[in-house]
Amino acid sequence: MTTTSALRRQATPGRILALGASLLGVVLLVVILANADQSQAIALGIGGGALIAAIALSVTLNYQGSGVVNFAAGAMAMYGGYIYYGLRVNGQLFLPPIPNPLALVEGGVHIFGAKSFSLPHIPVFITLAHTSKGVAAYGTVITQPAMPVWAALIISMLVCAVMGLIFHFLIFRPLRHAPVLAKVVASVGLFIIMQAVIVLRFTSSAKSVEPILPQRPVHLPRGISLPSDQLFLVGIVIVVAVALWAIFKFTRFGLATRAAAENEKGALVLGYNPDFLAGVNWVASTCLAGFFGILAAPINQSIDPITITLLIVPALAAALLAKFNGFIVTLMAGLGIGMATSWIQLISNKSWFPKSGGAAIPGLTNALPFLIIILVLALRGKSLPTRGSIETVRLPFAPRPRRAVPTSILLALGTGVLLFVVTPNWRLAIVNSVVGMVICLSLVVLTGYVGQISLMQMALAGISGFTLSKIADAHHIPFPIGPLIGALAAVVIGLLAGIPALRVRGVNLAVVTFAAAVTIENFVFANPAWSGLKGANIAPPSLFGLHFGPNDPWTKVFGSGQGLLPNPWFGVFCLVVVVILILGVVNIRRSRVGRHMLAVRSNERAAAAAGVSVSGTKILAFGVAAFIAGIGGALSGYRFGSVTAGYFGAIPSMIFLAFAYLGGISSVSGAVVGGIIVSGGILTTVMTNWIHISDQYTLLLAGLGLITMAIFNPEGVAGAFRDSAAALRRRMSKKDETVDSTPPEINAELAS
Amino acid sequence: MSLLETAGLTVTFGGKRAVDSLNLSVDQGQLVGLIGPNGAGKTTTIDALTGFVPSQGRISFDGDEISSLSSTLRARRGLGRTWQSSELFDDLTVMENLQVAAERLRFGGFLRDLVKPRNDDVSELRSILDSLDLGETAEQLPTELSHGQRKLVGVARALAASPKLVCMDEPAAGLDTEESQALGRRIRSVVEGGRSVLLIDHDMGLVLTICDYLYVLDFGQLIAEGTPAEIRNNDQVITAYLGERHATTEPHGSTGD
């Protein structure tokens with residue numbers, strides 16, 4: 001029954017919704033077309049819509065081929081654009097940083113003082129063509145592009161294809177039977193890596209790009225005029241979508257892929273190899289994203305590491321509308337979202353439209369895909385595609401903490417003493433790590449214990465920080481109450497965002513929370529009424545006349561560094577907060593609520609049959625996690641003295657999920673490890689100060705570590721330690737054949 | 001007055017009637033069997049009773065109409081169930097599996113637990129485990145247990161909630177004859193303890209020996225009901241199980257799997 005249902009056309013709520021949306025679109029169009037400037041704005045959105053559609057098609061292809069919802073599809077388009085840019089302008093193909101084993105030898109020799117000692121380095125660029133200088137009119141020297149357009153395009157596509165193969169064979173093939181969380185995390189890792197590589201090679205500032213497609217104004221009826229490159233772009237994406245539709249509808253390959261998407265086991269029985277299908281689809285989807293990244297970059301005249309990357313959100317909205325399934329619906333939705341975005345941009349600048357601080361409300365354009373995603377998922381409820389995989393694998397094991405109270409208090413005491421002894425930059429590292437632990441803890445509760453993937457925890461932290469600044473500080477609410485109000489504001493937003501989670505699971509929840517984070521970031525944090533260009537200020541905390549803000553003067557107690565900032569008492573304050581939160585989370589795991597949470601995570605149906613309120617447990621987890629994240633937001637607000645949009649938001653939320661997962665998403669000790677490895681934390685400081693690895697590599701390493709972890713050890717660093725310790729204990733007491741308490745698959749992993 | 005009573009219970013899947021106007025009742029302290037060939041709608045009936053598939057018709061339990069309640073609320077009123085494939089919480093130990101079913105979550109209790117977790121009394125749960133020979137497994141994870149043990153933990157978890165009625169979905173499937181007989185004795189002792197059980201199983205020997213009363217389904221319709229002795233000699237039942245050897249008046253339609 002299930003194997004055929006998707007192949008048949010049915011009047012599902014999704015289809016009805018898509019039909020309704022397109023009808024509404026048509027009506028709206030007719031109304032708007034009466035207005036010349038509005039119809040012009042809509043038409044101008046079609047180029048952006050084409051890129052959204054292309055990324056959405058790439059996402060759909062990935063899902064069809066390998067069951068992965070690829071959060072990195074936008075990043076792939078951006079990466080493709082940069083490959084082309086490097087080739088065309090400089091004639092150079094840039095390489096991602098490749099670890100050089102010789103560097104260790106070299107570094108070792110340097111430690112012993114031979115600074116001039118040098119071994120071969122792995123190149124950063126491969127030069128394929130040289131730039132030539134030409135003299136243009138009026139005697140100005142201009143640099144000619146190094147490589148012809150066609151050559152740069154072909155080489156870019158080849159590189160994209162190779163990347164697709166690498167993604168498949170090294171990342172997603174090993175993960176094909178992994179839990180959804182591992183797949184999401186791997187694609188997040190890919191996202192982080194691609195962005196980090198581009199920032200490393202090209203910096204984060206925008207590069208201007210020259211047009212590839214001809215740019216002549218084309219006059220359409222009703223006084224609309226469009227640059228011809230946008231029309232070409234739309235034409236190409238339509239051709240691609242129709243071609244994909246035809247391939248999937250009429251060819252054996254497409255049929256096999258669809259069969260595999262519906263039921264992997266079924267496809268195997270029919271004699272198809274789902275692995276081969278996945279590989280081909282990965283190559284196709286990376287090439288597709290990369291190709292349109294190249295073609296579409298000139299529409300904005302420039303390329304940067306963020307803009308195209310974040311188009312993944314509207315692209316996911318478009319792909320969701322088509323249930324990751326129909327190419328034509330995806331195309332229409334992508335184009336529609338692009339045009340609607342452009343129109344919203346225009347009308348939000350009109351005088352009659354509500355304003356925020358005298359200017360147009362920011363983030364309205366981001367709210368549109370978010371609303372679409374929420375609506376689609378809430379209406380469809382349970383009927384979303386969950387792939388029939390051969391085996392279901394559990395989430396990482398969530399152990400009952402042992403000896404948590406003495407361990408955490410001893411560690412905190414030790415760290416507290418260290419704060420007064422170490423130099424200021426180490427003090428800062430400790431503070432950053434402790435604040436990071438708080439955010440990771442919130443993910444342990446929500447994702448680790450209840451299995452709800454959230455890509456918005458930093459956005460919630462930001463809500464708390466901004467509330468602390470704008471409401472609490474502005475009304476002179478004293479210290480311990482201010483951050484609590486902030487955290488409660490985060491709880492309110494967290495609960496609101498948690499409501500869709502009652503009907504949405506797995507990767508779809510990740511999509512919802514990511515879209516929510518993007519919306520909060522643009523709607524609230526980037527809103528000039530909330531934060532100026534410098535961000536929103538936060539007054540340092542003080543209690544009973546004691547001032548312990550990071551920049552408050554302090555007197556020497558013992559050790560070194562009297563008066564040097566940051567104030568170590570601020571570190572002590574953060575430690576006290578994190579110990580309280582850690583013990584709270586430990587108690588959650590040890591008590592009824594933890595058992596109920598893990599029951600929901602294990603099996604929602606069975607939990608309901610056992611009398612557990614699944615919705616209640618999830619909502620509670622969303623609230624608790626938002627509260628913890630909110631406390632983290634207040635701490636980081638105090639730490640910087642202000643809150644800025646860049647620090648909170650969608651991409652930082654993603655990166656924090658990475659750190660939490662790397663540390664170990666399902667245990668408190670994992671959150672501690674996660675805090676140690678956050679950027680600016682203890683590990684990065686060790687790397688920059690002792691091993692001399694630049695700060696810029698932190699994110700790259702985090703992304704790589706994340707993927708490695710997702711594949712080889714879903715229990716994170718803390719889990720690996722725990723298993724080794726358990727194995728050691730077993731070896732020590734071999735005679736005593738007690739019951740083995742680690743699940744068999746972990747042992748299998750240890751053995752391999 | 002019956003503990004559980006359905007009137008016209010109907011479940012449709014896209015036009016197919018998986019359960020068709022079923023009337024059944026289970027009395028306090030009664031062990032009622034629900035049997036029928038594959039695809040007869042037995043599991044669907046349990047799903048409908050416990051709220052996991054939408055259904056039409058009335059379901060009254062312990063004097064109240066429960067058909068509009070969620071699965072969770074039905075479970076809390078004392079309508080428990082087990083699953084064909086155990087569906088244990090694999091992340092929790094056996095004892096924790098039982099605790100989840102036995103304990104209710106309240107916000108006040110949650111706040112108190114944050115500060116100092118209570119040491120919940122598990123002696124009653126331990127005696128449930130002991131009665132099913134699972135005492136040794138209390139601290140093990142379900143993944144470490146044998147298939148038969150997992151099935152029993154499923155039963156133990158259902159009993160941990162102190163239900164008035166437990167719907168058991170093929171608890172003996174995959175067990176050998178000896179294990180199956182032992183399970184039968186345990187189910188019987190559950191009923192002697194005052195609970196009611198609605199039992200689905202394919203092991204005819206088991207069902208016919210231990211049940212007080214039987215309902216027989218075929219293609220979603222009730223084709224017979226009665227005591228085991230009556231069912232044993234019912235022609236329609238024999239036909240349903242052995243195929244259309246005899247001419248039958250029962251309209252069969254084209255459903256089934």
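Predicted model: local features only at pLDDT ≥ 70, side-chain atom pairs only at ≥ 80, totals over all residues.
Two bridges link β1(B) with strand β3 (residues 25–26) of chain B, and the pair runs antiparallel. Here L4(B) stands opposite V26(B) in β3(B). Five bridges tie β1(B) to strand β5 (residues 56–61) of chain B, again in antiparallel fashion. In that case T10(B) finds its bridge partner in Q56(B) of β5(B). As a bit of background, strands of a sheet pair through backbone hydrogen bonds, either parallel or antiparallel.

Next comes another sheet of chain B. It is an open sheet built from six strands, in the order β7-β8-β9-β4-β10-β11 (chain B), and its pairing is mixed. At the edges are β7 (79–81) and β11 (221–226) of chain B, each of which pairs on one side only. Going from one strand of this sheet to its neighbour, the average turn is 20 degrees, direction ignored. One of the paired residues is L217(B), whose bridge partner in β11(B) is L222(B).

On the scale of domains, chain B is assigned domain 1 (1–78 + 164–178 + 194–257) and domain 2 (92–162). The centres of domain 1 and domain 2 of chain B, taken over C-alpha atoms, are 28 Å apart. Where these domains of chain B touch, six residues of domain 1 are in contact with seven residues of domain 2. The domain 1 side of that contact has five nonpolar residues, one polar residue and no charged residues.

Chain A holds 29 helices and 14 strands. Of the 752 residues in chain A, 51% are buried. Taking contacts in chain A between residues at least 6 apart in sequence, 78% join residues at least 24 apart.

How many residues do the two chains bring to their contact? Chain A brings 29 residues, which touch 30 residues of chain B. On the chain A side, the elements giving two or more residues are α20 (568–590), α21 (592–602) and α22 (604–609) of chain A. Helix α21(A) gives the most, with eight residues. Sorted by class, this side of chain A has 15 nonpolar, eight polar and six charged residues.

Finally, a word on confidence. The model scores ipTM 0.89 and pTM 0.85. Chain B has an average pLDDT of 86, and 93% of the residues score at least 70. Among the elements of chain B, β9(B) has the highest confidence at 94, while helix α10 (residues 235–242) of chain B has the lowest, at a mean of 78. Over residues 245–257 of chain B, pLDDT stays under 50, and the model has 14 contacts beyond four places in sequence for that stretch.

Key. Residues numbered from 1 in each chain as written. Chains lettered and ligands numbered in written order. Helix = DSSP H or I, 4+ residues; strand = E, 2+ residues; numbered from the N terminus. Nonpolar A, V, L, I, M, F, W, Y, C, P; charged D, E, K, R; others polar. Pairing = 2+ DSSP bridges. Axes fitted to C-alpha atoms, helices over the stretch in contact; angles between N-to-C directions. pLDDT = per-residue confidence, 0-100. Domains from an automatic or database assignment. Buried ≥ 20, exposed ≤ 12 C-beta atoms within 10 Å, placed from the backbone.
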